[in-house]
Amino acid sequence: MLIRPALPDDVPLLAEIEQSAWPPGMASTADELRSRVALFPTGQLVAEIGGKVVAFATAQRVRQAFFTANQSSFPAVTDHGRIVGSHADDGDIYHLIGVCVLHSHQGFGLARVLIDRQIEIARSL
């Protein structure tokens, strides 16, 4: 298994994985995912097995004041999933937005590996 930063070319597949993992209306769109990859590539990780992306985890950095003022809802704390107005390169909170795993690859600990890697990134900042 390879854990690596998500690339712009990964976005269509990430959107498919997201759509398969969440009920209608709750999944992030390709536009939202594309925005995250562009704004904070360090926090957008994919898991590849046999050259195929099978899971991913997304994160952002936010300032304490922003998080405190907007923590009441996912759209508020993520700028409606795009992180344009919420992510701050110098943010003091590392916010894990979500983790998605293809149904065919669930139950093998991929989410745990991605979360552990996100924690490593957060601690390194």
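## Glu18 and its surroundings

The backbone nitrogen of Ser28 sits 2.9 Å from a polar atom of the Glu18 side chain. The model is a predicted one. Glu18 belongs to helix α1, which spans residues 11-21.

Does Glu18 count as buried or exposed, and which side chain of opposite charge is nearest? Glu18 is buried, yet has no salt bridge. The nearest side chain of opposite charge is Arg36, 5.5 Å away. A salt bridge needs the nitrogen and the carboxyl oxygen within 4 Å.

## The largest pocket

Of the elements, β4 gives the most, with 4 residues. By class, the lining has 8 nonpolar, 6 polar and 3 charged residues.

## A salt bridge between strands

Side chains of opposite charge can pair when their charged atoms come close. The structure holds 6 salt bridges. One of them joins Glu48 and Arg4, with the closest N and O atoms 2.6 Å apart. Glu48 lies in strand β2 (residues 44-49) and Arg4 in strand β1 (residues 2-5), so this pair ties together parts that are 44 residues apart in sequence.

Both partners are shielded. Glu48 counts as buried because its relative accessibility is 15%. Arg4 also has 15% relative accessibility, so Arg4 counts as buried.

## Salt bridges within helices

Asp31 and Arg34 meet through their side chains in a salt bridge, at 2.9 Å from N to O. Both residues lie in helix α2. They are 3 residues apart, about one turn of the helix. Asp31 is partly exposed at 46% relative accessibility. Arg34 is partly exposed too, at 39%.

Helix α5 (residues 110-124) contains Arg112 and Asp116, 4 residues apart, again about one turn of the helix. Their side chains form a salt bridge, with N and O 2.9 Å apart. Arg112 is partly exposed, at 46% relative accessibility. For Asp116 the relative accessible area is 33%, so this residue also counts as partly exposed. Elsewhere, salt bridges that share partners join Arg4, Asp10 and Glu48 into one network.

## Positive phi in a loop

Most residues other than glycine have a negative phi. Asp79 is placed in the loop between α4 (74-77) and β4. At 26% relative accessibility, Asp79 counts as partly exposed.

Ile83 has a positive phi as well, of about 60°, and is not a glycine either. Ile83 is found in the loop between α4 and β4. Its relative accessible area is 0%, so Ile83 is buried. Asp79, by contrast, is partly exposed.

Terms used: Residues numbered from 1 in each chain as written. Predicted model: local features only at pLDDT ≥ 70, side-chain atom pairs only at ≥ 80, totals over all residues. Heavy atoms only, no water. Helix = DSSP H or I, 4+ residues; strand = E, 2+ residues; numbered from the N terminus. Nonpolar A, V, L, I, M, F, W, Y, C, P; charged D, E, K, R; others polar. Buried < 20%, exposed > 50% of the residue type's maximum accessible area, 1.4 Å probe, protein only. Lys, Arg positive; Asp, Glu negative; His and termini not counted. Polar contact = N/O pair within 3.5 Å; in protein donor to acceptor, adjacent residues only side chain to side chain.
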